[in-house]
Amino acid sequence: MITGIHHISAFTKSAQINHHYYTDVLGLRFVKNTVNQQKTSIRHLFYGDYKATPGTQLTFFELKKAGQTYLRDNYFSTVTMNVPKGSLTFWKKRLENSDFQVTAVFDEDKLLFTDPDGLLLALKEADDILPLERRTNHSSVPQDKQILRLSEIELFVKDPEATLTFLTTFLGLQKSENQVKDPLGRFVTTVKQSTSAHKTRLGRGGIDHIAYTVDSTESLEALHQKALEMDVPVEMYVNRDYFKSLYVLEPNGLRIEIATTGPGFTIDESLEELGTSLALPSFLENKRAEIEAQLEDF
């Protein structure tokens, strides 16, 4: 049922700084400016390729008073993104020469660095070529060097075997040692042992959840029924307008979302205008004035 990754959602302290970093430095497109649908005073920023393709999206909740994240026990860690073959040297130089003066370090086949909030990121080369219609043109990142997609997430948990069993038996992902992959092998979830007895404290730079993709509402409903049958804790089963989502907790308490591929972000903005205005799902439109009054410009 799972076809790959949909998005990964983290926390930022400043929408303005976050936007500058991900659009101007990393060259991703700002594809949706919206709010947390449960707490509308929180801005929700989405980035991806030009077409906002599921599997390319990083999203951030802005928490202006957020403290630093402390990763100790049961947490999501490094987010790896693929870039074209032969481009890591370009990216190292670009990151280190940016306004943020990022420290970028080679570790085997990856380039490791952080965003301004401390989120752990990595770039890894792949053989793919980004289709022309998905390439961005708003930044100085050459089109043949642009980020291709999300390719890996690390989980550190108290009971790795329980998480791996959940990912294989509930989500149907394919296991290989301490990793699971989607059917096409394009996204890897690596599960490692956490060693701290202390609870993780999430703040800026922490990851709230990861979202896998299903291709239809029927597949999502089937997983919802499966969760009920397997006694998997369900947090929410909700229509986001842009996609439908099922939120569950894996055995170590990490939040996992499963989201449909569509209908997508062009239901309320044209492809050319994505991210240019505050977009709200239809069920929040009657609260637009109130919501806009709570948000600061950025």
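**Entry 1: the pair in helix α2.** I looked up glutamate 96 in this predicted model and found a salt bridge with lysine 92, with 2.7 Å between the closest N and O atoms. By salt bridge I mean a side-chain nitrogen of Lys or Arg within 4 Å of a carboxyl oxygen of Asp or Glu. Both residues belong to helix α2 (residues 88-96), where a spacing of 4 residues separates them by about one helical turn. Helices here are DSSP runs of H or I with at least four residues, strands are runs of E with at least two, and both are numbered from the N terminus. I noted glutamate 96 as partly exposed at 31% relative accessible area, and lysine 92 as partly exposed at 22%. The classes are buried for under 20% relative accessible area, exposed for over 50%, and partly exposed in between, with a 1.4 Å probe and protein chains only.

**Entry 2: basis of the values.** I record that the model is predicted, that local features need pLDDT of at least 70 and side-chain atom pairs pLDDT 80 or more, while totals for chains, interfaces and linings use all residues. Residues are numbered from 1 along each chain as its sequence is written, and side-chain values use heavy atoms, with hydrogens and water left out.

**Entry 3: glutamate 62.** I next found glutamate 62 in a salt bridge with lysine 64, the closest N and O atoms lying 3.1 Å apart. Glutamate 62 is buried at 10% relative accessible area, whereas lysine 64 is partly exposed at 41%.

**Entry 4: a link between strands.** Glutamate 235 pairs with arginine 255 in a salt bridge, and I noted 2.5 Å between the closest N and O atoms. Because glutamate 235 sits in strand β14 (residues 234-239) and arginine 255 in strand β16 (residues 255-263), the pair ties together parts 20 residues apart in sequence. Glutamate 235 is partly exposed at 35% relative accessibility; arginine 255 is also partly exposed, at 26%.

Entry 5: For the structure I noted a total of 20 salt bridges.

**Entry 6: the UniProt record.** The unreviewed UniProt entry places the feature "domain: VOC" at residues 4-126 and 149-261. Its positions follow the numbering used here, feature names are shortened, and annotations may be inferred rather than shown by experiment. For residues 4-126 I noted 16% helix and 43% strand, with the end C-alpha atoms 16 Å apart. For residues 149-261 the content is 20% helix and 43% strand, and the end C-alpha atoms lie 15 Å apart.
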